[in-house]
Amino acid sequence: MSNFPAILTDEKIKDSNKDFRNTLFSLDQNSINKDNFAHLTRIYSATKQLDIRNKILRLLYDFDLPELKDFFGNAYKKERYLDMKIYALRGLSQFVSEKEIEKLLQKFNLTLSKRQETTPYNYQEYELLRGQNSLPYLIQKYNYNCFKETLNQVNQQYNAMPEAFKGHFTINENAEFVSLRSPEESSQMIKDFFNGKKEQ
């Protein structure tokens, strides 16, 4: 008997429904199999909500069902946030060669370098890319040089930021947010940095 929640199989329910959202965000990978994963890909394709797409990518990125190859490929093209691109690539990496991944990451790295110019204090995205479920996981699993090069670039750009933007949180191997400082301390450090810039 399937323990996949019925509410997620209802194609008519709105993604703003509170019960729908609560059910989706409490879902874990153990409830997903080859008979029900399509409900999640349908929800992903239909929604404009970033948090829902993010959750579904993280729910599915360890499944190597052949039907998911195109899903991950399309998700990689669709997503604009770099962490979500890497989640899609984590899924896609199960189906494509190192050369194909290297080609994708060449363009990814160019976008990453532009982030340093357009959003110089982009610490949230860097921490997500440095998270234990992201680039470090891919390096550990595949040991591809292209993953190492991308993480090196992330770390270089991260280290180039002022100290006020470093070490506020991390992401563990289960994709869970782990605070390293209290919200008050983080907020104060960033506030002090910008106040200092104004005084210069």
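Me: Why does Glu163 count as exposed?

Reply: The relative accessibility of Glu163 is 56%, and exposed means over 50%, buried under 20% and partly exposed in between, with a 1.4 Å probe and protein chains only. Glu163 therefore counts as exposed. The model is predicted: local features need pLDDT of at least 70, side-chain atom pairs count only at pLDDT 80 or more, and totals for chains, interfaces and linings use all residues. Residues are numbered from 1 along each chain as its sequence is written, and side-chain values use heavy atoms, with hydrogens and water left out.

Me: Where is Glu163 found?

Reply: Glu163 is in the loop between helix H9 (145-159) and strand S1 (169-171). Helices (H or I, at least four residues) and strands (E, at least two) are DSSP runs, numbered from the N terminus. The C-alpha atom of Glu163 is separated by 8.9 Å from that of Met189, 26 residues apart along the chain.

Me: What makes the pair Glu163 and Lys166 a polar contact?

Reply: Their side chains are joined at 3.0 Å. A polar contact is a pair of N or O atoms within 3.5 Å; within protein, one must be able to donate a hydrogen and the other to accept it, and residues adjacent in sequence count only if both atoms are side-chain atoms.

Me: Why is Asn133 called buried?

Reply: Asn133 has a relative accessible area of 1%, so Asn133 is buried. Asn133 lies in the loop between helix H7 (123-130) and helix H8 (135-142). The side chain of Asn133 makes a polar contact of 3.2 Å with the side chain of Tyr61.

Me: Which residues is Asn133 in contact with, leaving aside neighbours within four places in sequence?

Reply: Contact means heavy atoms within 4.5 Å. On that basis Asn133 is in contact with Arg58, Tyr61, Tyr87, Arg90, Ile171, Asn172, Glu173 and Ala175.

Me: How many helices and strands are there in the protein chain?

Reply: The protein chain has 10 helices and 2 strands, in the pattern α-α-α-α-α-α-α-α-α-β-β-α along the sequence.

Me: Why is the protein chain called as compact as a globular protein of that length?

Reply: The radius of gyration is taken over C-alpha atoms, and the globule rule is 2.2 Å times the number of residues to the power 0.38. The radius of gyration of the protein chain is 18 Å, close to the 16 Å that the rule gives for 200 residues, so the chain is as compact as a globular protein of that length. Buried residues make up 44% of the 200 residues.
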